[in-house]
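Dear colleague,

I am passing on the structure below, and my notes on what was found in it follow directly after.

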Amino acid sequence: MKNRLVIAGTVVAACGALVVPGLLTSANAETKPAPVAAAAPAAPVSPPPTRDAAPEHEVLGDVIGTGLRNSSGELVFYGVKLQEPRLPDTTFGIMGGIRDAAGGLTDLIVANEFAGRDKAPGFHAVTGGANLAGHDVPSFGYYAGPAAKITSAGSVVAHQATWSEDPNVVVFWFDSAADPGRLRAHDAAGNKLPTGHTGVGHG
């Protein structure tokens, strides 16, 4: 596919985490509370792209629309296949990208697990927001488990959508680019779920 831009280069991670070119590593960086924002409903899952993904980033499952748009298109999230010998327990990442009016995807940044199993219960690949090639990408990540509600700093509610490739994986994002702090996940009955990795990485 033409016009695919990847801004997910070599990342210097804290705490001696493994640095892999092309992959974003979620380091256990110190978090700070995000500003309180009003809760918003989860965005609907969008149809698959109409064009093939570049071979190095095979799209897995449906593309998740956020409703956030600029002149280039809509900010979206989607799973991508990863194969990295140094990360034997990581098989996928969550890509933040732009979908144009024709359905074409432009990769911006990929977040993936770098320590342990990518589907172990809890938070994974939590990524601080950034402006990449003129596109604002808010803080995002994914949760492995039956998360019905994800919050930061006690009261900031995340947008979230179930990944069609694996219904046990929930992709989430916030309205703010600020690093999410004190992440919590609860099931439909309000029970607290395992925390996992809540450190925030930056690409």
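One aromatic cluster is formed by Phe-123, Tyr-143, Phe-172 and Phe-174. Please keep in mind throughout that this is a predicted model.

In the pair of Phe-77 and Trp-173, the ring centres are 5.5 Å apart and the planes make an angle of 40°, so that the pair is classed as tilted, the class between the limits of 30 and 60 degrees. This pair links distant parts of the chain, since Phe-77 lies in strand 3 (residues 73-81) and Trp-173 in strand 13 (residues 169-173), 96 residues apart. With a relative accessible area of 0%, Phe-77 is buried, and Trp-173, at 1% relative accessibility, counts as buried too.

The pair of Phe-92 and Tyr-142 is likewise tilted, with 5.1 Å from centre to centre and 50° between the planes. Here again distant parts of the chain are linked, with Phe-92 in strand 4 (residues 92-99) and Tyr-142 in strand 9 (residues 140-144), 50 residues apart. Both Phe-92 and Tyr-142 are buried.

Turning to the fold as a whole, the protein chain has 14 strands and zero helices. Of its 203 residues, 51% are buried, and the accessible surface comes to about 9000 Å², with 53% of that belonging to carbon and sulfur atoms. Among the contacts between residues at least 6 apart in sequence, 59% join residues that are at least 24 apart.

Three of the strands form an open sheet with antiparallel pairing, in the order 11-10-14. Strand 11 (156-157) and strand 14 (184-186) stand at the edges with a single partner strand each, so one side of each is left without a neighbour in the sheet. Between strand 10 (residues 149-152) and strand 14 the antiparallel pairing runs over three bridges, and Ile-150 has Ala-185, in strand 14, as its bridge partner.

Which residues does Thr-151 contact, leaving aside its neighbours within four places in sequence? Thr-151, which has its place in strand 10, is in contact with Val-156, Val-157, Phe-174, Arg-182, Leu-183 and Arg-184. At 8% relative accessibility, Thr-151 counts as buried.

Methods:
Residues numbered from 1 in each chain as written. Predicted model: local features only at pLDDT ≥ 70, side-chain atom pairs only at ≥ 80, totals over all residues. Heavy atoms only, no water. Helix = DSSP H or I, 4+ residues; strand = E, 2+ residues; numbered from the N terminus. Buried < 20%, exposed > 50% of the residue type's maximum accessible area, 1.4 Å probe, protein only. Contact = heavy atoms within 4.5 Å. Areas by Shrake-Rupley, 256 points an atom, 1.4 Å probe, with all protein chains shown as cover. Pairing = 2+ DSSP bridges. Phe/Tyr/Trp six-rings, centres within 6.5 Å; stacked < 30°, edge-to-face > 60°.
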